[in-house]
Amino acid sequence: MSAQADAAEVRVLEARITELEIKASFAEDLVDHLNAQVAKQQEQIDALVREIAQLRKQVPEGRGDGAGSLRDELPPHY
């Protein structure tokens, strides 16, 4: 191979490497963004789990399944 052919091949390889570096940079940015989104969603899930636990504590015992006397379901003016 000639020196000119070697130089052309080096330029092609450098261009390919640069293109791969750009793609890797975008992929890394996307992974960081998705990781932040997953962390945010996990915080929301944890908050909802705590809220559900608090709501369950507020439900009187034996009433969580909706069973009970029909008289208990009558409006107060009856």
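Colleague: Why is the contact between glutamate 19 and lysine 23 called a salt bridge?

Modeller: In this predicted model, their side chains come to 3.9 Å, N to O. The cut-off is within 4 Å, from a Lys or Arg side-chain nitrogen to an Asp or Glu carboxyl oxygen. So the pair counts as a salt bridge.

Colleague: How many salt bridges does the structure hold?

Modeller: One.

Colleague: Where do glutamate 19 and lysine 23 lie?

Modeller: Both lie in helix 1, residues 3-58. They are four residues apart, about one turn of the helix.

Colleague: Why is glutamate 19 called partly exposed?

Modeller: Its relative accessibility is 48%. Buried means under 20% and exposed means over 50%. Glutamate 19 falls in between, so it counts as partly exposed.

Colleague: What makes lysine 23 exposed?

Modeller: Its relative accessible area is 52%. The cut-off for exposed is over 50%, so lysine 23 is exposed.

Colleague: What share of the protein chain is buried?

Modeller: Buried residues make up 0% of the 78 residues.

Notes: Residues are numbered from 1 along each chain as its sequence is written. This is a predicted model: local features need pLDDT of at least 70, side-chain atom pairs count only at pLDDT 80 or more; totals for chains, interfaces and linings use all residues. Side-chain values use heavy atoms; hydrogens and water are left out. Buried means under 20% relative accessible area, exposed over 50%, partly exposed in between (1.4 Å probe, protein chains only). Helices (H or I, at least four residues) and strands (E, at least two) are DSSP runs, numbered from the N terminus.
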